[in-house]
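I opened my notebook today to look up a few things in one protein chain.

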Amino acid sequence: MGEAEWRDRGVGTSVVRQFIAEKVFMLPGVETCIIDPDPANKRAIRSYEKAGFEYVKSYYSEQNKMNVYLMRQERGQR
C-alpha cells in the first residue's frame, strides 16, 4: 500500500485492521466482512491475513471472468 519505502513496515495491515474495526464492524448487524484480493497479489493477501482475514476458497468467477481468492473475517475474530 503506497510508496515503496513504506512497504514491509506493517502500515497497510494496521490501516486495514483499523478500518475494519472502526467502519465495518461498528455497523449494527454486520457480523462478517468478505474480501477478494487478486490471487496474484501475495503481498496484499499476507497483509489481510495479518489483519485477521482467513482464506475461504479460490474459484473462477464466470460472472466477472476472473479468478477469485475469497477471504473472510468474523466480528470479534483476530
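Below are my entries on confidence, strands and rings.

**Entry 1: confidence.** I began by noting that this is a predicted model. I looked up the mean pLDDT of the protein chain and found 90, with 95% of the residues at 70 or more. Then I went through the elements. Helix α1, residues 11–24, has the lowest mean pLDDT among them, at 91. Strand β1, residues 32–35, has the highest, at 96. A reminder to myself: where pLDDT is low, the predicted coordinates should not be read in detail.

**Entry 2: strands.** Which strand does β1 pair with, and over how many bridges? I found β3, residues 66–74, joined to β1 by four bridges. The two strands run antiparallel.

Next I turned to β2, residues 54–61, which pairs with β3 over seven bridges. This pairing is antiparallel too. Here I picked Lys57 and saw that Leu70 in β3 stands opposite.

I also checked what lies between β2 and β3. The two strands form a hairpin, with four residues between them. In that turn I marked Lys65, which has a positive phi of about 55°.

**Entry 3: aromatic rings.** How many aromatic pairs are there? I counted two. Tyr48 and Phe53 make an edge-to-face pair, with 6.0 Å from centre to centre. Their planes are 70° apart, and the pair counts as edge-to-face because that angle is over 60 degrees.

Are these two residues buried or exposed? Phe53 is buried, with a relative accessible area of 3%, whereas Tyr48 is partly exposed at 23%.

Tyr55 and Tyr69 form an aromatic pair that I noted as tilted. Their centres are 4.7 Å apart, and the angle between the planes is 45°. Tyr55 lies in β2 and Tyr69 in β3, so this pair ties together parts that are 14 residues apart in sequence. Tyr55 is partly exposed, with a relative accessible area of 42%. Tyr69 has 14% and counts as buried, because the cut-off is under 20%.

**Entry 4: a lysine over a ring.** I came back to Lys57, the residue opposite Leu70. Which ring does Lys57 lie over? I found the face of Tyr59, with 5.1 Å to the ring centre.

Key. Residues are numbered from 1 along each chain as its sequence is written. This is a predicted model: local features need pLDDT of at least 70, side-chain atom pairs count only at pLDDT 80 or more; totals for chains, interfaces and linings use all residues. Side-chain values use heavy atoms; hydrogens and water are left out. pLDDT is the predictor's confidence in each residue, from 0 to 100. Two strands pair if DSSP finds at least two bridges between them. Rings of Phe, Tyr and Trp (its six-membered ring) pair if their centres lie within 6.5 Å; planes under 30 degrees apart count as stacked, over 60 as edge-to-face and the rest as tilted. Buried means under 20% relative accessible area, exposed over 50%, partly exposed in between (1.4 Å probe, protein chains only). A charge sits over a ring if NZ of Lys or CZ of Arg is within 6 Å of the ring centre and within 35 degrees of the ring normal.
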